[in-house]
Structure formats: structure tokens, C-alpha cells
Amino acid sequence: MRWRLTISDNDPKKQPSSVIVAGKDWFTAFEAGLKRQPPGVGLVGGLECVLYPGNILKIIDNLSRRNYDLRPVDAAGFTRSQTESISTAGEIPGRAVLSPALGADTISAFERMQAVTAFESRHQVAEFGLSLAMQLIRCQTGLCMLQTSAKKELCVAAKQGQSADLFPAQPVDVDVGFVGFALRMGAVVTVSRSESDPLPAAEYHAPSTYAVADALCAPLQFEGRTSGAMFLLNRLKESGFSPSDSTTLSYLTGALAEYMEKKLPGRNAGLEENGG
């Protein structure tokens, strides 16, 4: 499938640039487009994505304020007025921009993270971290995944929420789906739909019976080393995950990853299945 990626800098003097790429889904198409960019342009911070009908995406990099428009080259079923309403420049309508200032939830996460020193295995750290994330960011389902000794898979080390039992504990391939995309980007990523239709469940590691309204994922990474990922679905009583939620989860997962790598080195998920 062919896609057009249009990139607009936060500078009115610069003209947007476009590139045509191939990709089986929007994750791979976006990555392919970034690889075609000059050095520096392909680097991302936190990505906020809104999916429109017809697989058209509006993406903001909340670090650089760069805007991306990604859509199939032959986007069928769209009139001129519909496509013009999804501009190739400017911010997502109605979406706030991530602020570098730390909110109360993020500060609270730092304070409560001090209790992590009581745990001696990565599975225990994952359970603790996910519980804290679910308290700070109220959502329907949360999972914390740890990298296995094979490095190509993530195992579900912890799952919580009212629908957690619907999610099987089978390993997740790091090369596919939403979680794999966030890991490869090395950034916190949020995705939501512009309408009420659910996101494709399989791409978000959910069972087919689960309606995915929005998703938030942050890698557990420290100094280039990946420990796993934390993955939240369906924000409660809110219109999707907010930039503040992204900031909170980013700081929380960063602190968890640092603790794992410094205090629990070499204790990967595969070794801990028997409590190691």
C-alpha cells in the first residue's frame, strides 16, 4: 500500500515537504517516511496521533512541534471538502500541545516512585508501576510488558483494569502493532479517533471483542536499553488521553526503566518467570 507523508515545520516561512512511501499499515508507512528525511527531521519526541476516516492521520510531534499528515495515496470515498478539512499544516483541532512543565500528577508520580526500592524483581516493579499509572491516569485497561531474553518479544508482566481479563498473557512481537511502533520510535505515543468508530483492535494488541477508543504507550527505556513498555487503553471520563497523561507516563516509565537497569540488571522477563 502506498502512502503520502507530508511534513510541516512550525515555521510559516518553510513550505511543507511530501514523500511517497510503501507500508502495510500506518505504523510502517510513518517510519518509512521518517527514514527518507534529512538528519534531524526523522527524530521524534512524543507523538500525538488522531485517526480520521479513510486511514488518514494527523500527527504532532510535541517536542519539535512538527506536524505530519499521513494518508493513503488513493484515499477513496473522500470529497474535496472533506480532505480540505484535514489540513496538512497546523495543529490537530481541539488538541492541546504538550507542555514541558510538570503537572501535579507527574510530581505525585515522582514522590510515590520512591517506594519502588522495596521490590527485588522486574515483575514486582512492573506490577507496582502499572498500579501507580492506573491511579494517576484513570483508564479502562492497562498492561505492563517486559522484554524477554529473546529480545524480540514482550511478555505481559502485569495487567489491571475492568477489562484486563479479556487480554491474553501471550507474548507480543516487538516488530508489530502499536506497542512495537512506540518502542521503535523510542517515544511516548497516543492515538485516538476523530469519530466514535473503534480503532482496529488487532493493531492495538486487543481481542476482537474489545472496542479501542484511544491508546497510550510509553517505552521503558534507559540509556538506549529497552526493558519493556507500558500500555494504557480507553481513558475514563475524558475525551482521550491528554498531553499531561503522556508527560506523566513518560516520566513514570523512565524512572521504572532506570531502576530496573541500575538495580536489577540482567534480570529479564524470561528469567523471572520462576521468581528470579
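A salt bridge is a side-chain nitrogen of Lys or Arg within 4 Å of a carboxyl oxygen of Asp or Glu. The model is predicted, so local features need pLDDT of at least 70 and side-chain atom pairs count only at pLDDT 80 or more, while totals for chains, interfaces and linings use all residues. Residues are numbered from 1 along each chain as its sequence is written, and side-chain values use heavy atoms, with hydrogens and water left out.

**Exercise 1.** State how many salt bridges the structure holds, and describe the one between R184 and E31.

Solution. 
- The structure holds eight salt bridges.
- In one of them, R184 and E31 pair through their side chains at 2.7 Å, N to O.
- R184 belongs to helix α5 (residues 177-185) and E31 to helix α1 (residues 26-35), 153 residues apart. Helices (H or I, at least four residues) and strands (E, at least two) are DSSP runs, numbered from the N terminus.
- R184 is partly exposed at 32% relative accessible area, whereas E31 is buried at 11%. Buried means under 20% relative accessible area, exposed over 50%, and partly exposed in between (1.4 Å probe, protein chains only).

**Exercise 2.** Find where D245 and R235 lie.

Solution. 
- D245 lies in helix α6 and R235 in strand β11 (residues 225-235), so their pair ties together parts ten residues apart in sequence.
- Both D245 and R235 are buried.
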